[in-house]
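Let's look at a structure together and ask how we know what we say about it. Here it is.

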Amino acid sequence: MTAADSTAASTAERTAAACAEISRLDAGGVSTDRAQLVKVSSDWSRMSPVLQEKVPAGRYVADAVVRPTRPEQVAQILAVAYRHDVPVTPRGAGTGNYGQATPFDGGILLDLRGLDSFGLTADGTLRAGAGARMTTVDKAIRAQGRDIWMYPSTKSSTLGGFIGGGSAGTGTIEHRTTSDGYVVSATVAPMDGSGETFTVSGDDLTPYVHTYGVTGILVEVEVRTDPVRDWTAVYTAFDTYGELVSVHRRLTGLSVLPRLASADEPALVPTLTASVELDPARFSLRVIAESSTVEELRTLVTEGGGDVVAVLDDYGETDRLSGMSYNHPVWFLQRAHPERNLFHMETSGVPLWDRPDDVREVYEGPVHLHLELFQHGPGAMVVAEYRGEQALLDGIPRFDALGVGVHSPHQWYVDRNVELAIETAKRTDPKGLLNPGKLSAAPPVDTRLNMGVR
Ligand SMILES: Cc1cc2nc3c(=O)[nH]c(=O)nc-3n(C[C@H](O)[C@H](O)[C@H](O)COP(=O)(O)OP(=O)(O)OC[C@H]3O[C@@H](n4cnc5c(N)ncnc54)[C@H](O)[C@@H]3O)c2cc1C
C-alpha cells in the first residue's frame, strides 16, 4: 500500500490490509469476530459513572485483535501497522479501570496475553513476557524461594498491564509503587517503522511505566523479587474509626513491614468476600503480616481496643485479603447496590486518619472510606453517590483544601510524567499510532480535571 493509498483508505481497510500481511508473516493470530472485538475493546472503566457514559462497551471497537505468542512478533506487527498507518492499542487482561485500553481510533487491539513465559534470573529477578499473569508467576516463583515485590488486587492481571497501567498493591507498604524500582529493565517495541526492540533500564524506564503503551509496547519485563517469606492473613475488628486508625498508623512499626493493611468502615463490610464471618456493625482491618510478627500485631490490636477475629496461615488466604484491597471493596459495594450509582476518588494523606468527618464532607452523603496503608501514611478510596460530573469535580479543590492528595479514576489521559511521555513518543511513535487519544498534545494544567470530551 502506498502512502497515498493509506490516506484514502479507511482505518478498517488499512487494518484489514495490515492483518493480511501479519497473517502472511505468521506474526500473530488475527481475529475479526465482532463479539470478541467488542469484548476486548473495553475494560473495567464501567466502575466510573463518568466513563460509563463516555466509553461504554461497544462505542469504540477495534477492527481486529492480533495475538502474538512470541516476543519477536510484536516488533513485526508494529512494523506492519506503521507502514499501513494503523493504530495499535495494547491490552493485557483488560482490568484497567480508566478506559485506558479502549481503542478510540479502532485499528488493532494487541492482546499480549500469549507472551506468558517467565523465569527467575541468576540475580533473583523475574524476567517475564508482558502477558504473564501475576497469579501464575507468584505461585511458580514462591516454589523457587522468591516473592514478587508487588502485585495488584487484580492479581490475575498481566505484568505488562500492571506496569503499563497500574501502580500499587500488595507489597506497596514496603516497595511503594511500580515507579519506585520495581522494574529493573524492559524490552520495548517502538512504533517507528524499525521492526526492532530496545532495552531500557534505570531512569530510562520512566517514560514506559504507567504510560498506557503510548511510548512503546512492553514486550518483556524484568522485575524485582525478595527471598520468600511466610505470610499470614489476619482479620481484626474495632468498634470505632479512631480505634482502627490507632492501629493502622502503627503497623509500619512492626518488625517486618506488612504486605497489605486494608480497612473498611461498617458500610463496606457486608459486601467483602471474607472467608470468616465479619461483624457488619464493626470496622474491619485486614493485614497480610509476616508470620513472625503476628503476636506483635495481636498486641497492637488489643492495645488499640480491637479484637483479632482470625489468623489464617494458608497463603491462599492472603490472596483472598489481597482480593479485598484497593478498588475491590468499591466494586463489591457497587455490585451489591446498583441502585445507588456509586463512584470513588483515590486519595491519600494523613487527614484521612485524623479528619475523616471533614473528608466525608467533601461530597454529599453518605460517604464511605476504604483505607490502605502506604509507607508515608494512609490512602483511601472515598466512595460517594454520583450526582453528575461537575459535582464530582467540585470535590477536588475541597480535598486540596484539606491537604488530601487526590487522583481521578474518571479520565483516560496519561497523568504521570506527561511531559516526558510526550517527548519520548515523538521518537518512539512519530505518527501517534500507539493507543491514540491517551496522551494529550501538551501537558495538561491539571490531569485530575482532564476528563476528555469523547
Ligand atoms: C476491581 C479492581 C481492582 C484494582 N486494583 C488495583 C490495584 O490494587 N492496584 C493497581 O495498580 N491497579 C488496580 N486496578 C487496575 C488494574 O486492574 C491493574 O492496574 C492491572 O494490573 C492492569 O493489568 P491488565 O493486564 O488488566 O492491564 P490492561 O487493563 O489490559 O492494561 C492497562 C493499561 O496498560 C496498557 N498495556 C497493557 N499491556 C501493555 C504492554 N505490554 N505494554 C504497554 N502498555 C500495556 C493498556 O493499553 C492500558 O492502558 C484495579 C482495577 C479493578 C477493576
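The questions and answers below concern this predicted model.

Q: Why is Thr136 called partly exposed?
A: Good place to start! Thr136 has 15 other C-beta atoms within 10 Å. A buried residue needs 20 or more and an exposed one has 12 or fewer, so Thr136, with its 15, is partly exposed. You will find Thr136 in helix α6, which covers residues 134–143.

Q: What makes β5 and β9 the edge strands?
A: The open sheet has five strands in the order β5-β6-β10-β8-β9, with antiparallel pairing. Strands β5 (118–120) and β9 (198–201) each pair on one side only, and that makes them the edge strands.

Q: How do you know that β8 and β9 pair?
A: Pairing takes at least two bridges. Four bridges join β8 (residues 183–189) to β9, so the two strands pair. They run antiparallel. As an example of bridge partners, take Thr187 and, in β9, Thr199.

Q: Which strands does helix α5 lie across?
A: Helix α5 (residues 71–83) lies across β6 (126–129), β8 and β10 (217–223), and runs at about 150° to β10.

Q: Why are the buried residues of helix α16 said to be on the same side?
A: The buried residues of α16 (residues 418–428) are Ala421, Thr424, Ala425 and Thr428. They cover an arc of only 105° around the axis, so they sit on the same side of α16. An α-helix has 3.6 residues a turn, so residues three or four places apart point the same way.

Q: Which exposed residues does the face of α16 turned away from its buried side carry?
A: That face carries Glu419, Glu423, Lys426 and Arg427.

Terms used: Residues are numbered from 1 along each chain as its sequence is written. This is a predicted model: local features need pLDDT of at least 70, side-chain atom pairs count only at pLDDT 80 or more; totals for chains, interfaces and linings use all residues. Two residues are in contact if their C-beta atoms, placed from the backbone, lie within 7 Å. Axes are lines fitted to C-alpha atoms, for helices over the stretch in contact, and angles run from 0 to 180 degrees between N-to-C directions. The arc is that of the directions from the helix axis to the C-beta atoms.
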